[in-house]
Amino acid sequence: ASINTQAKGVLSTPDAIYAGITLIRVNGQTEPNVILLHPNDWSAIRTLQNAQGNYIWENPAFMGSQTIFGLPVVLSTAVTENTAVILDTFYNNVVMRRGVEIQRSNSHASYFIQGVQAIRADVRAGLACQRVKSICTVTGI
């Protein structure tokens, strides 16, 4: 609940992200090292153009780097669309409460007759945050 939040407002999306990076540096006294984005948001950033219609990010003929202001961008549909999450992974770690548990079965409906296997995997994990100000969400992008 106490993490940094930066609204896009009138800023461009890259400028709003940089403002979030600055909030972590100033309020969190740490250096962010990753940006999490929804793929649709990255698509909108990657295709930004100037007034002449030239792509700002990079030539679309090349895959290009997946970075913003030198920080790697990690794409995930688990990130809320129109929101960027910037963080320092040194102070935020995934902790495993229980290992991965894998189950398989052929006892559903006609799976046995058809030779079909159902596979399910479970894991219990959480995010351990040692410094809440090492995270910033940028909203409205």
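Thr137 sits in strand β8 (strands are DSSP runs of E, at least two residues, and helices runs of H or I, at least four, numbered from the N terminus). Thr137 counts as buried because its relative accessibility is 15%; buried means under 20% relative accessible area, exposed over 50%, and partly exposed in between, with a 1.4 Å probe and protein chains only. This is a predicted model, in which local features need pLDDT of at least 70, side-chain atom pairs count only at pLDDT 80 or more, and totals for chains, interfaces and linings use all residues. Residues are numbered from 1 along each chain as its sequence is written, and side-chain values use heavy atoms, with hydrogens and water left out.

**Contacts of Thr137**
- Beyond neighbours within four places in sequence, Thr137 contacts Ile3, Asn4, Thr5, Gln6, Thr83, Ala84 and Val85 (contact means heavy atoms within 4.5 Å).

**The sheet**
- Six strands form an open sheet in the order β1-β8-β5-β2-β4-β3, with mixed pairing (two strands pair if DSSP finds at least two bridges between them).
- At the edges are β1 (4–7) and β3 (67–68), each pairing on one side only.
- β3 pairs with β4 in the antiparallel sense, over two bridges.
- Ile68 has Leu71 of β4 as its bridge partner.

**The helices**
- Helix α1 covers residues 13–27, 15 residues in total.
- From first C-alpha to last, α1 reaches 21 Å, close to the 21 Å expected at 1.5 Å a residue (the expected span is 1.5 Å times one less than the number of residues).
- Buried residues of α1 are Thr13, Pro14, Ala16, Ile17, Ala19, Gly20, Ile21 and Ile24.
- α1 lies across β1, β2, β3, β4, β5 and β8, and runs at about 155° to β1 (axes are lines fitted to C-alpha atoms, for helices over the stretch in contact, and angles run from 0 to 180 degrees between N-to-C directions).
- α2 also packs on the sheet, touching β2, β3, β4 and β5, with its direction at about 110° to that of β2.

**The nonpolar cores**
- The largest nonpolar core has 17 residues, and Ile17, Ile35, Leu37, Ile68 and Ile86 touch the most other members (a nonpolar core is a set of buried Ala, Val, Leu, Ile, Met, Phe, Trp, Tyr and Cys residues joined through side-chain atoms within 4.5 Å).
- Two or more residues each come from α1, β2 (34–37), α2 (39–46), β4 (71–75), β5 (83–87) and β8 (135–139).
- α1 gives the most, with four residues.
- Not counting residues up to four places away, Leu37 touches several residues, among them Trp42, Ile45, Ile68, Val73 and Ile141.
- A second, separate core of five residues includes Val34, Val79, Val85 and Leu87.
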